Amino acid sequence: MSADQHDRRLEEVAAFALGALDAAQIEDFREHLAGCKRCQDELNWLAPAVRALPEAVEQQSPPPELKVRLMEEVRADVAAAAEQTRAAERRERASSRKGFREWLGGLDIGGLTWKPLAGMAAVILIVAAGVGYLVGNGDGTNVHTTEVPQPNGIVAEVINEDGKGELRLTGVEQLPKGKVLEAWVARGEAVEPVEMLFTPDEEGNATTQIEDLEGVDAVMVTREPTGGTKVPTTEPFVEVPLES
Amino acid sequence: MTPVRREKAERLADEELMPWIAKKDPEAFEVFYDRHGGAGYSLAYRILGDRSAAEDCIQEAFISIWRSGARFDRTRGSVRSWTLSIVRNRAIDALRSKSGRAPKLTFDDDAILESRPADEQTEKEVLAAETAVEIRGALSQLPSEQSKVIQLAYFGGFSQSEIAGMLNVPLGTVKGRMRLGLEKIRGELAEGMA
């Protein structure tokens, strides 16, 4: 390439730096740039001037709603990713929890079949293991909380304070007339009703007290007729396995 | 990875923040937006001339950064210039799409522009020049014909041939004005750090 031809190339460095080369010239110029130290030096010299151009713009304040929308999208991404991870963990670990499924599958409660829930419960046990935590209360008592996501957006939390328990649900649908929520505790193969019946408030939160959590393997919730029942008449929609 | 607390994120330099964003930490991303969202929005508004379009541009650009945060390469320059180049490309693409012009910009060009090793980067030179004020001063001191071609190219996304046609001047004249204009801005930046 003659000196004259090269000078013409050098003239194009500024246009290239500004992104103003015509589309057909860009590839050709890149090839030249890759092997031309002088043009590289020129580009390196001019590049900060181009990078400085946005700073010369009169500053505007973005509307606060823009950040709100952006962060909503970001947090939705995080939630979706977390859900994907949980789903993958469920799939991966469900198979290794066959024993628990069999245990639950063989559970005989007033003639009801619990098998449809067995797989879900096995998965939930694994999730629960990841979210359970133990804290000291400062007054000598120990509080162990087990929080387990349930199907249909419900989150169940069992708080065990020295054997006495509280079951807190969020995201519960409103009940039809004549129905209440009834909790059950499973100890081995025995299932017993929890005394205190409960209903969700307007925001879908529902809480009941569990008198005795000693030896309880799982806490479950069903929808039952007002007044409750001695044995479950519907399949549980909440299942919280507890670490014995 | 335990999420970074906001107070800690605020103390991190941009380059330290990016790995947290790559690991999908929303607190880190919020701090990142707080630092560069305003400059990005100002640039998008300058290019698009419309608040709603600028908002869309920023939403798209920052979400693309969030979703591909791992793509930032600290050897290629500062986080800020990388961010603003993404915003600029999005805005120019939107402008071209609106006006029926074919998209021309590619990330590759930015990669070349940012391709010097970090220790050679003169980003600090830019910052040392009190950025906005110095640069606006440098731009305003340019002869109007030089300022015009630079602004048409950078903020308008026009190619040198398009600019030559718009201004009805030879292509060589446009090239020369671009080069002279950038040389002067670059000289001002160098003086500012001296």
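Chain B of this predicted model contains 11 helices and zero strands. Read along the sequence, its pattern is α-α-α-α-α-α-α-α-α-α-α. Chain B has 194 residues, of which 47% are buried. Residues 24 or more positions apart account for 63% of them.

Among contacts in chain A between residues at least 6 apart in sequence, 54% link residues at least 24 apart.

Confidence was examined along chain A. The mean pLDDT of the chain is 79, and 77% of its residues reach 70 or more. Strand β10 (residues 218-225) of chain A has the highest confidence in the chain, at 91, whereas helix α6 (residues 115-131) of chain A has the lowest, at a mean of 46. Within chain A, the pLDDT is below 50 over residues 121-130. That stretch still has 28 contacts in the model beyond near neighbours in sequence. The pLDDT is also below 50 over residues 135-139 of chain A. Here the model shows three contacts beyond near neighbours in sequence. Where pLDDT is low, the predicted coordinates should not be read in detail.

The two chains meet in a contact that takes 41 residues from chain A and 50 residues from chain B. On the side of chain A that touches chain B, α1 (3-17), α3 (37-52) and α4 (64-94) of chain A each supply at least two residues. Helix α4(A) gives the most to this side, with 10 residues. By residue class, the side of chain A that touches chain B divides into 26 nonpolar, five polar and 10 charged residues.

Nonpolar packing was considered next. In soluble globular proteins, nonpolar side chains tend to be buried together. The largest nonpolar core of the model has 72 residues. Those with the most contacts inside this core are A:Ala17, A:Leu18, B:Ala44, B:Ala91, B:Ala153 and B:Met178. Helix α3 (residues 26-48) of chain B provides the largest share of the core, 12 residues. Chain A contributes through two domains: domain 1 (3-56) and domain 2 (65-96) of chain A each give at least three residues to this core. A second, separate core has 24 residues. Its members include A:Leu181, A:Ala183, A:Val191 and A:Val216.

The contacts of B:Ala44 were then listed, not counting residues up to four places away in sequence. B:Ala44 touches B:Ala54, B:Cys57, B:Ile58, B:Val87 and B:Ala91. B:Tyr45 is found in helix α3 of chain B. B:Tyr45 counts as buried because 22 C-beta neighbours lie inside 10 Å, and the cut-off for burial is 20 or more. Leaving aside neighbours within four places in sequence, B:Tyr45 is in contact with A:Gln60, B:Arg51 and B:Ala54. B:Tyr45 and B:Cys57 are 12 residues apart along the chain, and their C-alpha atoms are separated by 9.1 Å.

Helix α5 (residues 79-99) of chain B has 21 residues. From its first C-alpha to its last, α5(B) reaches 30 Å, close to the 30 Å expected at 1.5 Å a residue. Of the 21 residues of α5(B), 16 are buried, so the helix is largely enclosed by the rest of the structure. Just after α5(B), B:Gly100 takes a positive phi of about 80°.

Most residues other than glycine have a negative phi. A:Asn152 has a positive phi near 65°. This residue lies in the loop between β4 (142-149) and β5 (155-161) of chain A. A:Asn152 is exposed, with 9 other C-beta atoms within 10 Å. In chain B, B:Asn168 has a positive phi of about 55° and is not a glycine. B:Asn168 is found in the loop between α10 (160-167) and α11 (171-193) of chain B. B:Asn168 counts as exposed because 6 C-beta neighbours lie inside 10 Å, and the cut-off for exposure is 12 or fewer.

Definitions and conventions: Residues numbered from 1 in each chain as written. Chains lettered and ligands numbered in written order. Core = buried A, V, L, I, M, F, W, Y, C linked by C-beta atoms within 7 Å. Helix = DSSP H or I, 4+ residues; strand = E, 2+ residues; numbered from the N terminus. Domains from an automatic or database assignment. Contact = placed C-beta atoms within 7 Å. Nonpolar A, V, L, I, M, F, W, Y, C, P; charged D, E, K, R; others polar. Expected span 1.5 Å × (residues − 1). pLDDT = per-residue confidence, 0-100.
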